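Hello,

Here is the structure I promised to pass on. Please have a look, and then read my notes below.

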Amino acid sequence: MNFVTPNKEEINPFLQLLLLLFYAVAGAFVFGLLAVVIVLMIYGLGMVSNLDLLMSGDPKYIDGLKIIQIFSSIGTFILPPLALAWTERRKVNVFYSFRKPQFLLVSLVVIIMIASMPFMEWTVLINQKMVLPDFLKGVEQWMKEKEEAAMKLTIALITVRSNLDFVVNLVMIALLPAIGEELMFRGGVQRSLTKAFNSPHLAIWLTAIIFSAIHVQFYGFIPRMLLGAGFGYLYFYSGSLWYAMIAHFINNAYAVCAAFYMQKHNMPLDKADEPIGFPWYGYLISAIITIALFKFFKDNAERERKLD
């Protein structure tokens with residue numbers, strides 16, 4: 001494919017967002033269809049009228065569910081932003097800015113993810129205490145049912161029967177979402193919103209809200225939104241999508257590894273979301289250290305960019 005010069009004027013950012021949405025819908029349809037065909041080849045044509053069994057969490061159909069999950073990640077999140085870059089006739093690494101990662105900044109990303117864990121636990125606890133007004137009790141009940149269904153499905157997906165399952169889970173839950181969701185949301189949505197509103201901070205937070213909402217898990221909305229904003233600022237400060245991808249991978253890989261550890265030690269996976277229980281000042285110290293580390297990351301990222 002021949003690309004024009006990087007200085008070519010881009011199409012309207014709102015049109016970019018519409019194209020992203022179109023590509024995502026098309027990708028989800030095509031790759032969803034491919035996944036269903038593969039599942040039918042594995043389980044037989046009788047599954048056509050029983051595709052809901054894949055979502056039931058039955059261990060017999062977990063492999064099929066994982067195939068659908070993997071194909072969905074590729075079609076819905078990875079290919080659409082790539083297609084947008086190709087539509088703009090730009091190289092992907094230039095369009096989304098894949099500047100070479102620096103050891104110091106990668107190290108800071110790792111430390112930030114570790115240091116922020118107590119604070120993120122606090123946001124989870126706050127979010128889980130959410131209570132809607134009486135006239136919205138029906139909505140609240142629906143939200144709780146969605147949350148329970150999502151938890152059941154998550155437990156089914158992260159259940160490990162072999163070391164190969166663990167590797168597949170790392171790819172499915174950590175690697176592909178880290179690549180795809182960061183390409184789509186930070187690289188695609190945040191980038192276009194920044195151009196549309198000429199306000200990086202507004203773009204970061206709008207993208208974080210969309211990122212959290214798209215998961216349709218209401219009792220984890222706040223922590224996921226803050227995670228999205230954190231990834232957004234890593235991208236904004238560094239000018240490289242690598243750091244957001246690395247942070248996203250660390251966050252998801254930790255959950256996969258924790259689940260693997262729990263199963264190896266015969267601990268029930270439904271206890272995985274139980275808080276460690278830090279004292280109030282532990283949450284406060286975590287928040288202060290996290291903010292300070294982001295400032296340190298910003299200063300060093302700016303220094304690295306000036307040296308390039």
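Helices here are DSSP runs of H or I with at least four residues, strands are runs of E with at least two, and both are numbered from the N terminus.

Before I go on, some background. This is a predicted model, in which local features need pLDDT of at least 70 and side-chain atom pairs count only at pLDDT 80 or more, while totals for chains, interfaces and linings use all residues. Residues are numbered from 1 along each chain as its sequence is written, and side-chain values use heavy atoms, with hydrogens and water left out.

For accessibility, buried means under 20% relative accessible area, exposed means over 50%, and partly exposed is in between (1.4 Å probe, protein chains only). Val124 counts as partly exposed because its relative accessibility is 25%.

Tyr243 belongs to helix α10 (residues 241–264). Its relative accessibility is 2%, so Tyr243 counts as buried. Between the C-alpha atoms of Tyr243 and Val109 there are 6.9 Å, with 134 residues separating the pair along the chain.

Salt bridges

A salt bridge is counted when a side-chain nitrogen of Lys or Arg is within 4 Å of a carboxyl oxygen of Asp or Glu. By this rule there are eight salt bridges. One of them joins the side chains of Glu10 and Arg191, at 2.4 Å from N to O. This pair links distant parts of the chain, since Glu10 is in the segment before α1 and Arg191 is in helix α7, 181 residues apart. Glu10 and Arg191 are both buried.

Arg191 has another neighbour: it lies over the face of Phe95, at 3.8 Å from the ring centre. (A charge sits over a ring if NZ of Lys or CZ of Arg is within 6 Å of the ring centre and within 35 degrees of the ring normal.)

Asp63 and Arg161 also meet in a salt bridge, at 2.9 Å from N to O. Here too distant parts of the chain are linked: Asp63 sits in helix α2 and Arg161 in the loop between α6 (137–158) and α7, 98 residues apart. Asp63 is partly exposed at 40% relative accessibility, and Arg161 is partly exposed at 47%.

Lys295 and Asp299 form a salt bridge of 2.8 Å, N to O. They are four residues apart in helix α11, so about one helical turn separates them. Both ends are partly exposed, Lys295 with a relative accessible area of 46% and Asp299 with 25%. Elsewhere, shared partners join the salt bridges of Asp63, Lys66, Arg161 and Asp165 into one network.

Aromatic pairs

Rings of Phe, Tyr and Trp (its six-membered ring) pair if their centres lie within 6.5 Å; planes under 30 degrees apart are stacked, those over 60 are edge-to-face, and the rest are tilted. The whole structure holds 14 aromatic pairs. Among them is the tilted pair of Phe31 and Phe71, with 6.1 Å from centre to centre and 45 degrees between the planes. Phe31 is in helix α1 (residues 13–43) and Phe71 in helix α2 (residues 62–87), so this pair links distant parts of the chain, 40 residues apart. Phe31 counts as buried, at 19% relative accessibility. The pair of Phe185 and Phe211 is edge-to-face because the ring centres are 5.4 Å apart and the planes are at 75 degrees. Phe185 lies in helix α7 (residues 163–197) and Phe211 in helix α8 (residues 200–213), so the pair ties together parts that are 26 residues apart in sequence. Phe185 and Phe211 are both buried. Together with Phe77, they form one aromatic cluster. Arg186 lies over the face of Phe211, at 4.5 Å from the ring centre.

A pocket

On a 1 Å grid over the protein atoms alone, a pocket is an open set of points where a 1.4 Å probe fits, with protein on both sides within 12 Å along at least five of seven lines; lining residues have an atom within 4 Å of a point. The second largest pocket has a volume of about 470 Å³, a volume being the space filled by probe spheres set on the points. It is lined by 21 residues, and those closest to its centre are Leu226, Gly230, Thr290, Ile291 and Phe294. Which helix gives the largest share of the lining? That is α9, with eight residues.

Best wishes
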